[in-house]
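Student: I would like a close look at one part of this model. Please take the aromatic pairing and set it in its surroundings.

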Amino acid sequence: MYLTKEVKEDIFKKHGGSENNTGSAEGQIALFTYRISHLTEHLKRNRKDFNTERALVSLVGKRRSLLDYLKKKDIERYRAIVKELGLRK
């Protein structure tokens, strides 16, 4: 299992403020980014796994929605998380 409890806690501690703050937009975006990178590596090895491809597209859409929300609410937090995670936009 690639996404253990410890990995999630570490992601939320680093990006969400604390491991208990799982609802923050930054924490959710960081978690989606971690999952997207894992699914991308899986799809490089298994090109015909269309169910995973569909899940990946869904995750990218969810992350995009959260980024749009964060951009609208607080542009500084948006810029910080994009720079920290190395996203293009």
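Student: To start, how many helices and how many strands does the secondary structure of the chain come to? Then go to the aromatic pair: which rings form it, and how are they arranged?

Tutor: This is a predicted model, so every value here is computed from predicted coordinates. The chain has four helices and zero strands. Along the sequence the pattern reads α-α-α-α. The C-alpha atoms fill a box of roughly 40 × 30 × 20 Å along the principal axes.

Now the aromatic pair. A search of the whole structure turns up one. The partners are Tyr2 and Tyr34, with ring centres 6.1 Å apart and planes at 20°. Pairing requires centres within 6.5 Å, and stacking requires planes under 30 degrees apart. The Tyr2–Tyr34 pair is therefore stacked.

Where do the two partners sit in the chain? Tyr2 belongs to the segment before α1 (5-16). Tyr34 lies in helix α2, residues 25-45.

Tyr2 has 30%, so Tyr2 is partly exposed. Tyr34 has 31%, so Tyr34 is partly exposed too.

Helix α2 also takes part in packing with α3. The buried residues of α3 pack against α2 and α4 (75-85). These buried residues are Thr52, Leu56, Leu59, Arg63, Leu67 and Leu70. Note that Arg63 is on that list. Helix α3 covers residues 50-73, which makes 24 residues. At 1.5 Å a residue, α3 should span 34 Å. The end C-alpha atoms of α3 are 35 Å apart, which agrees.

Next, α4. Ala80 is placed in this helix. At 43% relative accessibility, Ala80 counts as partly exposed. From Ala80 to Thr4 is 76 residues in sequence and 26 Å in space, C-alpha to C-alpha.

Last, the chain as a whole. Of its 89 residues, 30% count as buried. Take the contacts between residues at least 6 apart in sequence: 45% of them join residues at least 24 apart. The accessible surface comes to about 6,400 Å², and carbon and sulfur atoms hold 50% of that. As for charge, the chain carries 21 positive and 12 negative side chains. The centres of these two sets lie 6 Å apart.

Notes:
Residues numbered from 1 in each chain as written. Predicted model: local features only at pLDDT ≥ 70, side-chain atom pairs only at ≥ 80, totals over all residues. Heavy atoms only, no water. Phe/Tyr/Trp six-rings, centres within 6.5 Å; stacked < 30°, edge-to-face > 60°. Helix = DSSP H or I, 4+ residues; strand = E, 2+ residues; numbered from the N terminus. Buried < 20%, exposed > 50% of the residue type's maximum accessible area, 1.4 Å probe, protein only. Expected span 1.5 Å × (residues − 1). Contact = heavy atoms within 4.5 Å. Areas by Shrake-Rupley, 256 points an atom, 1.4 Å probe, with all protein chains shown as cover. Lys, Arg positive; Asp, Glu negative; His and termini not counted. Charge placed at Lys NZ, Arg CZ, Asp CG, Glu CD.
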